[in-house]
Amino acid sequence: MPGPESGRRTEIQSYKHNGKLHRVWDSTTILKGTKNVIIGANDRTMVRESDGRTWITREPAICYFHSKHWFNVIGMLRTDGVYYYCNISSPFIYENGIIKYIDYDLDVKVFPDMTYKLLDEDEYELHKRQMNYPHVLDRILYNNVDTLVRWVRQRKGPFSPEFIDQWYERYLTYR
């Protein structure tokens, strides 16, 4: 199954393990779409929370999704550098023109100097109990935290020095 075509605008939907919709990003421009990788970009896009609240993103962001990895990466271009917000999540699916994934609470925030911090372990533990995550899922998720941290340390994939700049330049051609 091919991925979405470049230049197309799409929604991103994140769900929780129990199938409930968690968060929706209204409009992301596809910069690259294959069956394994989607790279998208947005700037000041509306985000809707499951409780009905809405907010607007503050800066341009490049989003990286992979069909084989249990994480996605958002590189946010701020005046003092690129900050990354990495969701530990199911691999994406592209269905009915929408990027979808399950958010598993654990997040890794990466700063412009490439230091990082694991976030929301308490929320993860709570949801793991409430939604009965199987032991094998717990192992998969923590193994993917390790993979993600390795990518950060090695400046691999979306963490390579030129990745965000190159894809942001491409995004500007669609605006």
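Lys16 is buried, with a relative accessible area of 9% (buried means under 20% relative accessible area, exposed over 50%, and partly exposed in between, with a 1.4 Å probe and protein chains only). The model is a predicted one, in which local features need pLDDT of at least 70 and side-chain atom pairs count only at pLDDT 80 or more, while totals for chains, interfaces and linings use all residues. Residues are numbered from 1 along each chain as its sequence is written, and side-chain values use heavy atoms, with hydrogens and water left out.

Side chains of opposite charge can pair when their charged atoms come close. In this structure there are 11 salt bridges, each defined as a side-chain nitrogen of Lys or Arg within 4 Å of a carboxyl oxygen of Asp or Glu. One of them joins the side chains of Lys16 and Asp105, at 2.5 Å from N to O. Because Lys16 lies in the loop between E1 and E2 and Asp105 in strand E10, the pair ties together parts that are 89 residues apart in sequence (strands, E, are DSSP runs of at least two residues, and helices, H or I, of at least four, numbered from the N terminus). Asp105 is buried, with a relative accessible area of 2%.

Lys16 also meets Asp103 in a salt bridge, at 3.2 Å from N to O. This pair again links distant parts of the chain, with Asp103 in strand E10 and Lys16 in the loop between strand E1 (9–15) and E2, 87 residues apart. Both Asp103 and Lys16 are buried. Arg53 and Asp51, by contrast, are both exposed, and their salt bridge has its closest N and O atoms 2.9 Å apart. Elsewhere, a network of salt bridges links Glu11, Asp26 and Arg48.

Attention now turns to the open space. The largest pocket has a volume of about 550 Å³. On a 1 Å grid over the protein atoms alone, a pocket is an open set of points where a 1.4 Å probe fits, with protein on both sides within 12 Å along at least five of seven lines, and lining residues have an atom within 4 Å of a point. Grid points are joined across faces, edges and corners, and the volume is the space filled by probe spheres set on them.

The lining comprises 27 residues, with Arg23, Trp25, Trp55, Met76 and Tyr85 nearest the centre of the pocket. At least two lining residues come from each of strands E2 (21–33), E6 (61–66), E7 (71–78), E8 (81–89) and E10 (98–110); E10 gives the largest share, five residues. By class, 11 lining residues are nonpolar, five polar and 11 charged (Ala, Val, Leu, Ile, Met, Phe, Trp, Tyr, Cys and Pro count as nonpolar, Asp, Glu, Lys and Arg as charged, and the others, Gly among them, as polar).
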